[in-house]
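Work through the following exercises with the sequence and the model at hand. Each task is followed by its solution.

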Amino acid sequence: MQGEIGIPTMDGFTATVMNLANLGYISLRTITSEESKAYGLFKSKSEDILIELESPESYAKAEGKFPELADFEKDVLNLLKKHASGNKISWNKLKKELGEGTDFYDFILAWDEKVKRHIAVEKLFKSTGNKYMSIFGAITTIAAIIYFIAVSNFFPSDAFPRASNVKILVILIAAFGIVMIIFSAVFEKALGRWTPEGRLFYERWNNFKKYLTDFSALKEHPPESIELWDSYLVYATALGVAEEVLKNMSLVVPAEQMETSHFYYVYHSFGQFGSGFESAYSSSAPSSAPSSAPSSYGSGGVSGVGGGSGGGGGGAR
């Protein structure tokens, strides 16, 4: 939907965590700094979010209550279990631990690959134009470099003064080739094209995104239950518009229904999630990693094609 085609996003990762709460595998609630200290979770001067995981015994007792998770959803749940103590962990502590070392960065790279296996990108988008431009840019750059070396060796500037002008021209051609490679990577949609199925997919999700952020449309045609609202919020997280949807929910949904939402106790702290995971990802990235990775990771991709997953890898059902 947004950003690089077929690449999972940090919004999608956050939506997967949200969906675990929506499906009942975890619960979220705000706790005061004193409560956080009492739990021995994290020393925080401000309000925190408590993430509590259902115990294995709960799964056994409530057979059929918990829907089967996709492999990438199980990985996220196991990540939370790894950092939890007594099935509980505070958000501040989790964020701090994820940002230490490179484990979270490596986890995200492996998680990306699992999500991609649920995405049938080739049915949606053809990137032939990008490939052709990348190849042409690479050939142009290599040819310019070879020509520059040849001119330097066979036509030294002291003997052939005008050779310097040729070198400058060759350098400009090489730079143009590099620009073409970068352009094809950054502006993938400008050179690629949606298939008929992909165009329909894109327009449907884009219209759904508009519906979620259009207060008048939501007020006139609101979801029928708080369960639907919660599912929509997962999708809204994947689409990067969760905070707008939360604002609309608070104006449309009756207070007594809001109190039954899986996310009721973290509405005002919701913004911490997306920014926190992206911050942890950035902190855990090794110095050799591309500096653009965190920002491009948060930009969005076409996820959710195949496997019943939500747009952006959220997986709301």
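**Exercise 1.** Determine whether proline 222 is buried, partly exposed or exposed.

Solution. The relative accessible area of proline 222 is 35%. Buried means under 20%, exposed over 50%, and partly exposed in between, with a 1.4 Å probe and protein chains only. Proline 222 is therefore partly exposed. This is a predicted model: local features need pLDDT of at least 70, side-chain atom pairs count only at pLDDT 80 or more, and totals for chains, interfaces and linings use all residues. Residues are numbered from 1 along each chain as its sequence is written, and side-chain values use heavy atoms, with hydrogens and water left out.

**Exercise 2.** Locate proline 222 and list its contacts beyond four places in sequence.

Solution. Proline 222 sits in the loop between helix 11 (215-220) and helix 12; helices are DSSP runs (H or I, at least four residues) numbered from the N terminus. With contact taken as heavy atoms within 4.5 Å, its partners are Tyr211, Trp229 and Val252. From C-alpha to C-alpha, proline 222 and tyrosine 211 are 9.9 Å apart, at 11 residues apart in sequence.

**Exercise 3.** Describe how helix 12 packs against helix 13.

Solution. Helix 12 (residues 226-238) and helix 13 (residues 242-252) have axes 8 Å apart, at an angle of about 160°. Axes are lines fitted to C-alpha atoms over the stretch in contact, and angles run from 0 to 180 degrees between N-to-C directions. Angles over 145 degrees count as roughly antiparallel, so helix 12 and helix 13 are roughly antiparallel. Helix 12 contributes Ile226, Trp229, Leu233, Ala236 and Thr237 to the contact, and helix 13 contributes Ala242, Val245, Leu246, Met249 and Val252.

Technical notes: Helix = DSSP H or I, 4+ residues; strand = E, 2+ residues; numbered from the N terminus. Parallel < 35°, antiparallel > 145°, perpendicular 65-115°, else oblique.
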